[in-house]
Amino acid sequence: YPIRALPPVSGAISSLAVGDLEARVAALEAKLGVDGALPFPDLCSGLAAVTDKVKLLDQKKLEQIHARLRTLVPEVRKLRDATGSQHSKEVVELYNICQTWDAAAEALPAVLERLRCLKNIHQAAAGFSERLTAVEAQQAATAARLATSQEAFKALRMSMAENMATMQANLEKLKEKMDAIPS
């Protein structure tokens, strides 16, 4: 395949214009809070999101918001003055409580993950405990069978000894009888 290059065209974008364009894009990214990586899957969805945000800055909407704020500010001041210092102390106390819980809320995902891991470990340990109990029960049953078998073996040995003694005595009597018979 031959490689071809296009000749420079007069009026093409100069490197200065590209640098200016990059600076403008970086400024937009900084305003949007983006650190180089786009938070949108593609340019069209990003453009749509930015367009929606720009629509919020419509002059009519801003005027409506401003008018609403002008009516709400005096009401908020009246409420603040009417509730007194006790209410503000309670609000400050609740705010402080919320602040302490914010620190706990940041650690909560890690705690939950750890609890999930510990749940699996606990279930495995519970299974192990059950299996250990079953093995101990089997060992106790085997020990009982062994004791019973040993007792039976002792009884068998004594019985065999008695039978041997009886057979020995019978053989001696038989021998005496055979010797007493004249040949």
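**Accessibility and contacts in a predicted helical chain**

Author: The protein chain exposes about 17100 Å², and carbon and sulfur atoms supply 65% of it. Such areas come from the Shrake-Rupley method with a 1.4 Å probe; for residues, only the protein chains shown count as cover. This is a predicted model: local features need pLDDT of at least 70, side-chain atom pairs count only at pLDDT 80 or more, and totals for chains, interfaces and linings use all residues. Residues are numbered from 1 along each chain as its sequence is written, and side-chain values use heavy atoms, leaving out hydrogens and water.

Reader: What pattern does the protein chain follow along the sequence?

Author: The pattern is α-α-α. There are three helices and zero strands. Both are DSSP runs, numbered from the N terminus: helices are H or I, at least four residues, and strands are E, at least two.

Reader: Why is E113 called partly exposed?

Author: Its relative accessibility is 45%. Buried means under 20% relative accessible area, exposed over 50%, and partly exposed lies in between. So E113 counts as partly exposed. Buried residues make up 2% of the 183 residues.

Reader: What makes E113 and R116 a salt bridge?

Author: Their closest N and O atoms are 3.9 Å apart. The definition asks for a side-chain nitrogen of Lys or Arg within 4 Å of a carboxyl oxygen of Asp or Glu. The pair therefore forms a salt bridge. The structure holds one.

Reader: How are E113 and R116 placed in helix 3?

Author: They sit three residues apart, so about one helical turn separates them.

Notes. Buried means under 20% relative accessible area, exposed over 50%, partly exposed in between (1.4 Å probe, protein chains only).
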